[in-house]
Amino acid sequence: MTDRLMPVRMPDAVPETASKSVQRKSRARARARARRRGGSHAVAHIVLGLGALVMAFPFVWQIIMSLSTNAEVQSVTPVFWPAEVQWSNYAEVFERLPFLGQLQNSVVITVIRTLAQILFCTLAGYAFARMRFRGRSVLLALVLSILMVPSQVYLLSQYQIVQGLGLLDSVGGLVLPGLFSAFGTYLMRTAFLSMPAELEEAARLDGANPFQIFWRVMLPLARPTMSVLAITTVLWSWNELLWPLVVTTFSDRMPLSAGLATLIGDRTTDYPVVMAASLLAMAPVLLLFILLQRRVIDGLASSGLK
């Protein structure tokens with residue numbers, strides 16, 4: 001009778017033991033995954049660090065050369081650090097070149113070209129992408145054919161045009177051929193083609209004219225691609241060498257890219273001074289990139305280039 005009133009219960013120690021065993025195994029697996037993940041991250045960091053070292057070495061070597069003597073730079077045995085730091089190389093740059101005047105010329109030329117290409121290439125790209133007019137395909141083919149021709153081919157014709165306009169040795173002559181870009185037009189056309197047509201149709205139903213559709217609807221969506229166009233134009237204009245050497249003959253009217261070329265002598269060249277001048281010429285663009293690094297990366301990532 002007593003056995004009926006008091007049923008026998010199984011002890012719950014076995015389920016608790018099994019649960020603890022499962023928990024220990026899961027924690028062990030988690031630790032193993034963390035170790036594998038940490039090892040893979042370490043390998044990735046080592047590889048990326050070596051790649052960064054390889055890419056940064058030329059820049060570091062340029063800094064070392066700018067602080068060395070010419071004999072140390074030209075020595076057969078590489079000198080990885082000068083016996084005495086030559087800060088005078090940077091001062092000599094300002095003695096041999098009208099550096100500040102050439103820097104001003106480079107800034108003016110770069111700003112004018114960048115603003116002009118953003119304006120003209122954006123308008124042309126929108127017209128080729130969204131508007132229908134007679135001869136559009138032929139005109140687009142002519143514009144894109146410029147990309148297949150090396151710039152040296154039409155260098156002589158450009159020089160004759162600038163000479164006929166009386167713009168030699170002037171900022172206008174340096175700026176004029178770079179106000180428009182076939183690559184910029186193609187880039188902006190690609191950006192406008194990727195936008196949905198429903199936005200344009202909705203704006204047209206609201207009573208917007210073509211310019212309002214372009215300015216208020218389509219242009220804000222194309223800002224990342226405009227950032228890419230601005231970046232490429234700044235780099236190309238700042239580093240251009242051949243055209244300034246052809247158009248200008250006076251050193252005070254040259255941009256920095258052409259001014260640096262005048263430091264190369266026919267027989268001897270003071271390489272530390274050339275390296276110091278190159279670093280000074282590189283500094284404005286490098287500083288601009290550091291200040292706008294996030295915008296530059298975002299623009300390149302979402303530019304629509306495929």
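Which residue forms a salt bridge with Glu-92, and how far apart are the closest N and O atoms? The first view takes up this pair; the structure is a predicted model, in which local features need pLDDT of at least 70 and side-chain atom pairs count only at pLDDT 80 or more, while totals for chains, interfaces and linings use all residues. Residues are numbered from 1 along each chain as its sequence is written, and side-chain values use heavy atoms, with hydrogens and water left out.

**View 1. Glu-92, Arg-96 and Asp-270 are linked in a network of salt bridges.** Glu-92 forms a salt bridge with Arg-96, and the closest N and O atoms of the pair are 2.7 Å apart; a salt bridge is a side-chain nitrogen of Lys or Arg within 4 Å of a carboxyl oxygen of Asp or Glu. Both residues belong to helix H4 (residues 88–96), where Glu-92 and Arg-96 are four residues apart, about one turn of the helix; helices (H or I, at least four residues) and strands (E, at least two) are DSSP runs, numbered from the N terminus. Arg-96 also forms a salt bridge with Asp-270, with 3.3 Å between the closest N and O atoms. Arg-96 lies in H4 and Asp-270 in the loop between helix H14 (256–261) and helix H15 (271–291), so this pair ties together parts that are 174 residues apart in sequence. Asp-270 is buried, at 17% relative accessible area, whereas Glu-92, at 22% relative accessibility, counts as partly exposed, and Arg-96 is partly exposed at 40%; buried means under 20% relative accessible area, exposed over 50% and partly exposed in between, with a 1.4 Å probe and protein chains only.

**View 2. A salt bridge joins Arg-130 and Glu-200.** The closest N and O atoms of Arg-130 and Glu-200 are 3.6 Å apart. Arg-130 is part of helix H5 and Glu-200 of helix H10 (residues 197–205), so the pair ties together parts that are 70 residues apart in sequence. Both Arg-130 and Glu-200 are buried. The count of salt bridges in the model comes to five.

**View 3. The largest pocket has a volume of about 760 Å³.** On a 1 Å grid over the protein atoms alone, a pocket is an open set of points with protein on both sides within 12 Å along at least five of seven lines, a cavity is a set of points where a 1.4 Å probe fits but cannot get out, and lining residues have an atom within 4 Å of a point. Grid points are joined across faces, edges and corners, and a volume is the space filled by probe spheres set on the points. The largest pocket is lined by 26 residues, and Ser-151, Tyr-154, Pro-177, Phe-180 and Trp-236 lie nearest its centre. At least two lining residues come from each of H5, helix H7 (155–164), helix H9 (182–193), H12 and helix H13 (242–247), with H12 giving the largest share, four residues. This lining divides into 16 nonpolar, eight polar and two charged residues; Ala, Val, Leu, Ile, Met, Phe, Trp, Tyr, Cys and Pro count as nonpolar, Asp, Glu, Lys and Arg as charged, and the others, Gly among them, as polar.

**View 4. The second largest pocket has a volume of about 610 Å³.** Of its 23 lining residues, Ile-231, Val-234, Leu-235, Val-285 and Leu-288 are the closest to the centre of the second largest pocket. H5, H12, H14, H15 and helix H16 (293–301) each give two or more residues to this lining, which divides into 16 nonpolar, six polar and one charged.

**View 5. The model holds one cavity of 30 Å³ or more.** About 70 Å³ of space lies in the largest cavity. Among the residues that line this cavity are Ser-106, Arg-113, Trp-238 and Glu-240. Helix H5 (99–130) and helix H12 (223–239) each supply at least two residues of the lining, and the largest share, four residues, comes from H5. The lining of the largest cavity divides into five nonpolar, four polar and two charged residues.
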